[in-house]
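Welcome! Take a moment to look over the model, and then we can go through some questions together.

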2 protein chains.
Amino acid sequence: MKLQEAKTQFINSWGRLGSEWGINRTMAQIHALLLVSDKPLSTEDVMQELSVSRGNANMNLRELISWDLVQKELIPGDRKEYFVAEKDIWEVAKRIVRERKRKEIEPILRELKQLQDVDDKKSPEAKEFVKSVKNIHEFAGKMDKSIETMMKADENWFFGAIFKLLK
Amino acid sequence: MKLQEAKTQFINSWGRLGSEWGINRTMAQIHALLLVSDKPLSTEDVMQELSVSRGNANMNLRELISWDLVQKELIPGDRKEYFVAEKDIWEVAKRIVRERKRKEIEPILRELKQLQDVDDKKSPEAKEFVKSVKNIHEFAGKMDKSIETMMKADENWFFGAIFKLLK
DNA sequence: TTTTATTTTCAGTAATTATTGAAAGTTTAG
DNA sequence: CTAAACTTTCAATAATTACTGAAAATAAAA
C-alpha cells in the first residue's frame, strides 16, 4: 500500500471510530491527520488535506486544543498559526478520558445522587427505584474513582501493575 | 421529588448519556425505563411511557435484545410479548463493553495492523507513519486485552484486586 | 380454514447535527 | 494611522440520523 493511501485510510478509520463514539467526524479526522503528520500543519493545510471549509477546520482545531490534544505552534517569521498533535498515545487516551469524564460522567453522577431523594421512600415501588439507582450510582462511582486513580498514575506503573495483576 | 418525576428524569439522563456516546437516544431511554421498572413491560407500555411510535419501540427493543441487555418474557395466557432488562449493573456494563468492542474496536485493530504494511518502509516519512500507527495499535491491543480479561473475571475479584492495587 | 391479535418492515418525513462561506473581528507590518 | 494577513463567528444550508405509521408478515385462536 502506498503511504498516502495508508494515511488516508487511517484518517478515515479514526473519523469513523470517532463518530461511532459521539465525537464529530471532522474533529477526529483532523486529529488523525495531525497524529500522522511529521510537521506542524496550518489551517490551510487541514482544509486542503481533508477538503473542509475554513470555518469547519477552525472550529474543530479549537475544539481539539480545548481537549488538550492539539497545540498551536508558531513558526518564526510566519504569521499563520500551525498545529501539532500530542503524539504520546497514553497522553492522548488520558486526555480524551479526562474530557469525557468531566463533561459527561460527572454530571450524571451528580444527578443519580439526587434521584435517590424521592418522596415516600417507604412504598415498595420507591424502594425498588432507589435500589436500582443506588446500584448504578455506586458502580459508576467506583469506575470513576478507578479511572481517576489510573489517570494520575504513570504509564509504566499502570501497565506494569495491571499486567502483573491480569496474569 | 415525586417518584414519577424521578423516573422520568432518570430516563432522560440515561438517554442523553447514551446519545453523547453514540447510542440511539430512544434505545437508551427504553433501557432506562426497563431498568427502573419493577415489572415486565409490553411494546404498548413502552410506546405509552415514552411517547414513541410502534415501529420505533419495536426496533429499539430488538436492538436491546441483540445487545443482550433486555430479554423477552412471556406471560401465560397473554399473547403480547413483555420485556425485562438485566438488572445486575456489572452484567450491563460487561455486555455494553462486549458489544462495542466487537463492533467498533476489533475492526479498527485489524485495520491498524494492515496499515503498517506500507510500501517503501525505508523512507523517513513512511518510518514515522509506521511508528505512529504501531504505537496506537499496540496501545489499543493492550487495552483490548485488559478489558477482555476483566470481562471474564468476576466482579468481586475485579474490584477487590483493583482497589488493593490502587491503594 | 378464516379471523383476529400481534410483530415487523421500510419508504417517507422529521429532527438533529455538521458544514459552508462570507462578513466581522483581530493582529501584525509598514 | 491604514492595509493586508489571518482568524473567528454564525445564519443559512446540507448531510446524517432517527422516527412514524401504515402495510405486510407472522402467529395464535376460533
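**Contacts within and between chains**

Q: How many residue pairs are in polar contact between domain 1 of chain A and domain 2 of chain A?
A: A polar contact is a pair of N or O atoms within 3.5 Å; within protein, one must be able to donate a hydrogen and the other to accept it, and residues adjacent in sequence count only if both atoms are side-chain atoms. With both residues at pLDDT 80 or more, the count between domain 1 of chain A and domain 2 of chain A is two residue pairs.

Q: What kind of model is this, and how are residues numbered?
A: This is a predicted model, where local features need pLDDT of at least 70, side-chain atom pairs count only at pLDDT 80 or more, and totals for chains, interfaces and linings use all residues. Side-chain values use heavy atoms, without hydrogens and water, chains are lettered from A and ligands numbered from 1 in the order written, and residues in each chain are numbered along the sequence from 1.

Q: Which residue forms a salt bridge with D68(A)?
A: A salt bridge is a side-chain nitrogen of Lys or Arg within 4 Å of a carboxyl oxygen of Asp or Glu. Here the closest N and O atoms are 3.8 Å apart, and the partner of D68(A) is R95(A).

Q: How many salt bridges does the rule find across the interface of chain B and chain A?
A: One of them joins E125(B) to K7(A), with the closest N and O atoms 3.2 Å apart. Across the interface of chain B and chain A, the number found is six.

Q: Which helix gives the most to the side of chain B that touches chain A?
A: Helices are DSSP runs (H or I, at least four residues), numbered from the N terminus. With 14 residues, the helix that gives the most to this side is α6(B).

Notes. Helices (H or I, at least four residues) and strands (E, at least two) are DSSP runs, numbered from the N terminus.
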